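Below are my notes on what I looked up, in the order I got to it.

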Amino acid sequence: MTIRDAEIAEIGQLARIWHDGWQDAHARIVPVELARFRTLESFRERLGAALTSVRVAGAVGAPVGFCMLKGDELYQLYVSPQARGSGVAAALVIDAEARLGDGGVGTAWLACAIGNDRAARFYEKCGWRRAGTVVERLDIPNGTFPLEVWRYEKSLVRPARPQK
């Protein structure tokens, strides 16, 4: 499976994947005050601003999923419904972990909405461990929105190989 840099021409398709995935996973479990800010246009704008940190699965012009990093955080991970269960998400996570590790991150983290049990099971299957519950300040127009989330962490430090 090819994981590659996102193309600017794909922002609309990626925004649709993000919007639809966010609505599917979060709309029923987060406060309505946050959900009203998560529009297709808001995802399009956020992708445009962070495009250099976005990696995509799928052929150019036909993305089926993406992953976005922010510092030492696996910030966003979304896969289209037709690609779920195909290994796309796992491939994106492996790519993200490699990029984070190559960037010198020892322990990576991600936020998972409380109640998003499908995502939580997936992260745990990928070797991430729930470190606790924290309040994240999520970006919204003209400010931030505090939301309690599950924090997951994963050590990216590879054990030293014994010398022969």
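I sorted the residues that line the largest pocket and got 26 nonpolar, 7 polar and 10 charged.

**Ground rules.** This is a predicted model, where local features need pLDDT of at least 70 and side-chain atom pairs count only at pLDDT 80 or more, while totals for chains, interfaces and linings use all residues. Residues are numbered from 1 along each chain as its sequence is written, and side-chain values use heavy atoms, with hydrogens and water left out.

**Pocket, continued.** I looked up the volume next: the largest pocket holds about 910 Å³ of space. Of the 43 residues that line this pocket, L77, Y78, N116, A119 and Y123 are the closest to its centre. The elements that give two or more residues to the lining are α1 (11-26), α3 (40-50), β4 (73-79), α4 (88-102), β5, α5 (117-125), β6 and β7. Which of them gives the most? I found β4, with 7 residues.

Points are joined across faces, edges and corners, and the volume is the space filled by probe spheres set on them.

**Whole chain.** I counted 5 helices and 7 strands in the protein. Helices (H or I, at least four residues) and strands (E, at least two) are DSSP runs, numbered from the N terminus. Along the sequence the pattern reads β-α-α-α-β-β-β-α-β-α-β-β.

The C-alpha trace spans about 60 × 35 × 30 Å along its principal axes.

Buried residues make up 46% of the 164; buried means under 20% relative accessible area, exposed over 50%, and partly exposed in between (1.4 Å probe, protein chains only). I also checked contacts, meaning heavy atoms within 4.5 Å. Among those between residues at least 6 apart in sequence, 65% join residues at least 24 apart.

**Strand pairs.** Two strands pair if DSSP finds at least two bridges between them. I started with β1 (residues 3-5) and β2 (residues 54-59), which pair in the antiparallel sense over 3 bridges, with R4 opposite V56 in β2. β2 also runs antiparallel to β3 (residues 62-70), joined by 6 bridges. A59 has A62 in β3 as its bridge partner. The hairpin of β2 and β3 has 2 residues between the strands, and G61 takes a positive phi near 90 degrees there.

Then I went to β7. It pairs with β5 (residues 107-113) in the antiparallel sense over 7 bridges, and W109 stands opposite E153 in β7. β6 and β7 are antiparallel too, over 11 bridges. In that pair, L138 stands opposite F145 in β7.

**N142.** What lies between β6 (129-140) and β7 (143-155)? I found a loop that holds N142, and the two strands form a hairpin with 2 residues between them. Phi of N142 is near 65 degrees, a positive value in a residue other than glycine. Most residues other than glycine have a negative phi. N142 counts as exposed because its relative accessible area is 88%.

**R16.** This residue lies in helix α1. R16 counts as partly exposed because its relative accessibility is 38%. R16 and F43 are 27 residues apart in sequence and 8.0 Å apart in space, C-alpha to C-alpha.

**A83.** Is A83 buried or exposed? A83 is buried, since its relative accessible area is 7%. A83 sits in the loop between β4 and α4. Leaving aside neighbours within four places in sequence, I found A83 in contact with V64 and V88. A83 and L47 are 36 residues apart in sequence and 20 Å apart in space, C-alpha to C-alpha.

Note on methods. On a 1 Å grid over the protein atoms alone, a cavity is a set of points where a 1.4 Å probe fits but cannot get out, and a pocket is an open set with protein on both sides within 12 Å along at least five of seven lines; lining residues have an atom within 4 Å of a point. Ala, Val, Leu, Ile, Met, Phe, Trp, Tyr, Cys and Pro count as nonpolar, Asp, Glu, Lys and Arg as charged, and the others, Gly among them, as polar.
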